[in-house]
Amino acid sequence: MNALFPDGFRWGSATAAYQIEGAAAEDGRTPSIWDTFSRTPGRVRNGDTGDIATDHYHRVREDIALMKELGLTDYRFSLSWSRVLPGGRRPASQKGLDFYRGLVDELLDAGIRPVATLYHWDLPQEYEEEGGWPERATAERFAEYAAVAAGALGDRVATWTTLNEPWCAAFLGYGAGVHAPGRTDDRAALRAAHHLNLAHGLAVQALRAALPAPAELSLTLNLHALRPYADTPEDRDAVRRIDAVGNRIFLDPVFHGRLPEDLVADTAGITDWSFVHDGDLEAVSTPIDVLGVNYYCPAVVAAGTSETPSPWPGAAGHVRFPYVPGPRTAMDWPVDADGLYELLVRLRDELPHVPLLITENGAAYDDYADPEGGVHDPERIAYLHAHLAAAHRALGAGVDLRGYFLWSLLDNFEWAYGYGKRFGIVHVDFPTGRRTPKDSARWYADVIARGGLPPR
Ligand code: FCB
């Protein structure tokens, strides 16, 4: 049976500035926390940095031609804050803005809708030196930057996302220390989470004020699809703790203007949350038009303690993540499309009036170009097929899902894993920059052309 998606369903692909652009010191761009982190020995595998990445900055035309060939209706990219406002200073860099203006114009000429994310983890280094996301001032700076971006691109970009995955920015960056800026301080991580929420709300207000036309405003979260290991009160409580600090820490302030009470109780030994000022939660809950969901795999949670440094303040010492057998990607992430369905249905029930976009979904595998020049990636195709089938099932269950963005267009700099993990549907030979569409790219083009999944 062919699973057809509704007319107007948005078929996209997603990337992020630091992962693809390169040109790290060109046209006035200054370092972000990821430039600093990746240059710090031992932080990123193999000492890789985003200095050149996929060289998208110089190959933007070629990359948009590829997107057009695939038939993408939408393209989700992020702006590099320190390319737009080098050193965090104003006025904005004309060259930086010209790059994004050129990108957006070229997309529109190709008939592809630009979806711009303002923050995909690359805080200007200067702001980290002033305290970074644990400080309120960073949220205020972010709203100023949002206004600059809206002023420069708002006549062409109709969909804006404030933040990508604030959970990772706060808890991997300031708690577990495995992402930039590499701090390990649970209190700082919780402060960062609040100030990221505040940054989102203030930016939504700034965008609405600065955009010349009504636009679609959104936030992208990596919501965790959680399952108890055993159906016991202890394991269900472990799920509750992870849900509080993994999901509701963002969903409750953004959609309900409140902090989860259990989160405040769970974290009482770390902070009293006095950094949440009067009026903050009203600002955080400024209405948005759509919620972006990034999904890769579910997590199975049990009561217990874990040995590894925890990015879960308030849950450490109470939870563990048992290893569950089954197929895995090259990231060692389980392949389990039911988690996507469960997550979408949960959001249907909890946020019935909020339209959804899947803003990231995809898989890393150890791809290589065969001697004839092809890149055969049947496992990725199977992964994508299963997840699109889950999305289709969710549509059938009444989920208001508007589109799907495949992560990622190109193999790229996969954060702390460097260039070792390939998520692209287009293979990149990093020494030369040569692009080769993988079998999955042709498969996705066929899905888009037929408006749904081919029979399997
Ligand atoms: C997400 C990130 C994205 C990419 C994928 C694999 O958490 O938003 O940049 O690294 O994971």
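## An exposed helix residue

Glu 129 is exposed, with a relative accessible area of 60%. As you look for this residue in the predicted model, turn to helix α6, which covers residues 125–129.

Ala 193 is 64 residues away from Glu 129 along the chain, and the C-alpha atoms of the two are separated by 18 Å.

## Two buried strand residues

Now let us turn to strands. Val 115 belongs to strand β4, residues 113–119. Is Val 115 buried or exposed? With a relative accessibility of 2%, Val 115 counts as buried, because the cut-off for that word is under 20%. Its C-alpha atom lies 5.0 Å from that of Thr 159, although 44 residues separate Val 115 and Thr 159 in sequence.

Ser 218 sits in strand β6, residues 216–221. At 4% relative accessibility, Ser 218 counts as buried. The side chain of Ser 218 meets the side chain of Thr 161 in a polar contact of 2.8 Å.

## Around the ligand

Which residues surround the ligand? They are Gln 19, His 120, Trp 121, Asn 164, Glu 165, Tyr 296, Glu 360, Trp 407, Glu 414, Trp 415 and Phe 423. Sorted by class, this shell has five nonpolar, three polar and three charged residues.

For His 120, a side-chain N or O atom is 2.8 Å from a ligand oxygen. For Asn 164, the distance from a side-chain N or O atom to an oxygen of the ligand is 3.0 Å. Trp 415 places a polar side-chain atom 2.9 Å from a ligand oxygen. How much of the ligand does the protein bury? Taken alone, the ligand exposes 290 Å², and the protein buries 94% of that.

## Aromatic pairs

The structure holds 33 aromatic pairs. One of them brings together Trp 167 and Trp 312: their ring centres are 4.8 Å apart and their planes are at 35°, so this pair is tilted. The two partners come from distant parts of the chain, 145 residues apart. Trp 167 is in helix α8 (residues 166–175), while Trp 312 is in the loop between β9 (299–303) and β10 (319–320).

Both partners can be checked for burial as well. Trp 167 counts as buried at 6% relative accessibility, and Trp 312 counts as buried at 10%.

Finally, look at where charges sit over rings. The charged end of Arg 328 is over the ring of Tyr 323, at 4.0 Å from the ring centre. Arg 393 has its charged end over the ring of Tyr 341, at 4.3 Å from the centre of that ring.

Technical notes
Residues numbered from 1 in each chain as written. Predicted model: local features only at pLDDT ≥ 70, side-chain atom pairs only at ≥ 80, totals over all residues. Heavy atoms only, no water. Near = heavy atom within 4 Å. Polar contact = N/O pair within 3.5 Å; in protein donor to acceptor, adjacent residues only side chain to side chain. Areas by Shrake-Rupley, 256 points an atom, 1.4 Å probe, with all protein chains shown as cover. Nonpolar A, V, L, I, M, F, W, Y, C, P; charged D, E, K, R; others polar. Phe/Tyr/Trp six-rings, centres within 6.5 Å; stacked < 30°, edge-to-face > 60°. Helix = DSSP H or I, 4+ residues; strand = E, 2+ residues; numbered from the N terminus. Buried < 20%, exposed > 50% of the residue type's maximum accessible area, 1.4 Å probe, protein only. Lys NZ or Arg CZ within 6 Å of the ring centre and 35° of its normal.
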